[in-house]
Amino acid sequence: MLVLAFDTATPAVTAAVHDGTRVLAESTTIDARRHGELLAPAIETVLREAGVTVHDVTAVVAGAGPGPYTGLRVGLITARALSTTLGVPAYGICTLDAIAYAAGVPGPFTVITDARRKELFWATYADGSTRLDGPRVDKPADVPVEHTVVGARLYLDGVTGPEHPSAGALAALAAVELGRLSPEEAAAAAKLPEGRIDSVEAAQNRAVLGPPVPIYLRRPDAQIPGAPKKVTA
């Protein structure tokens, strides 16, 4: 197994290579405006530092969000492109799940990331591998904070743990999940769905390891115009 993982759903552009046992190389740059510019060089860097080539990769994993539209799409489109080019499966994992996996704090706890518009994406966890609720998007006052809060240092006091996702944790989580699946189950998990599955219900019911499709928790800003109003004299 050789997993290439990356995430662009937050201000962090992070990439890593994992051999099924350990992280061989990892790179993270915090820059909310340069996802498209930074991801390819980050992938090249971790492959080189791991002493492998892209043709050695057996699975590609991308953070599926939730996250701002533009940055999130960079990682997922790259995962699909590499999957097609290399002939290997591509998967998506909820970005909040990757942060939870890396948190190293006793549960239960809540993971948050910046949703912009003075809101937060969040999910609650029993432990680093078990999501209880979410992902959701809410105003900070509506986010559950009864227990430890991990993630973005925005709006809430006392936040701890990793602020951004780690591609090393993303890859490690993927390796664990792939190790539990049969070849047939792994192939099914990577299969792209027919039609759209970006509803809130679909996001909350999706398995840890799924297809490389984005988790959207809001309707798009751009809407199809309605019928023009009739003009009367």
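Helices (H or I, at least four residues) and strands (E, at least two) are DSSP runs, numbered from the N terminus. The structure is a predicted model, in which local features need pLDDT of at least 70, side-chain atom pairs count only at pLDDT 80 or more, and totals for chains, interfaces and linings use all residues. Residues are numbered from 1 along each chain as its sequence is written, and side-chain values use heavy atoms, with hydrogens and water left out.

**Helices α3 and α4**

- Two packed helices are described by the angle between their axes and the distance between the axes.
- Helix α3 covers residues 95-103 and helix α4 covers residues 167-180; their axes come within 8 Å and cross at roughly 95°. Axes are lines fitted to C-alpha atoms, for helices over the stretch in contact, and angles run from 0 to 180 degrees between N-to-C directions.
- The two helices α3 and α4 are therefore roughly perpendicular to each other (angles of 65 to 115 degrees count as roughly perpendicular).
- On the α3 side, D97, A98, Y101 and A102 meet A169, L170, A172, L173 and V176 of α4, where contact means heavy atoms within 4.5 Å.
- Sorted by class, this contact of α3 with α4 has 8 nonpolar, no polar and 1 charged residues. Ala, Val, Leu, Ile, Met, Phe, Trp, Tyr, Cys and Pro count as nonpolar, Asp, Glu, Lys and Arg as charged, and the others, Gly among them, as polar.
- Of the 9 residues of α3, 7 are buried, so α3 is largely enclosed by the rest of the structure. Buried means under 20% relative accessible area, exposed over 50%, and partly exposed in between (1.4 Å probe, protein chains only).
- Helix α4 is likewise largely enclosed by the rest of the structure, because 11 of its 14 residues are buried.
- The buried residues of α4 include E177 and L178, and those of α3 include T95 and D97.

**Loop residue D31**

- D31 lies in the loop between β3 (23-30) and α1 (35-50), and D31 is buried, with a relative accessible area of 19%.
- A polar atom of the D31 side chain lies 3.1 Å from the backbone nitrogen of R33.
- The side chains of D31 and R34 are joined by a polar contact of 3.4 Å. A polar contact is a pair of N or O atoms within 3.5 Å; within protein, one must be able to donate a hydrogen and the other to accept it, and residues adjacent in sequence count only if both atoms are side-chain atoms.
- Leaving aside neighbours within four places in sequence, D31 is in contact with P11, V13 and L38.

**Loop residue P68**

- P68 is in the loop between β4 (59-63) and α2 (69-86) and counts as buried at 18% relative accessibility.
- Not counting residues up to four places away in sequence, P68 touches A9, D114, R116 and F121.

**Backbone features**

- Most residues other than glycine have a negative phi, and most peptide bonds are trans.
- A cis peptide bond, with omega about 10°, joins G65 and P66; P66 is in the loop between β4 and α2.
- The bond from G134 to P135 is also cis, with omega near 5°, and P135 is in strand β8 (residues 130-138).

Methods: Parallel < 35°, antiparallel > 145°, perpendicular 65-115°, else oblique.
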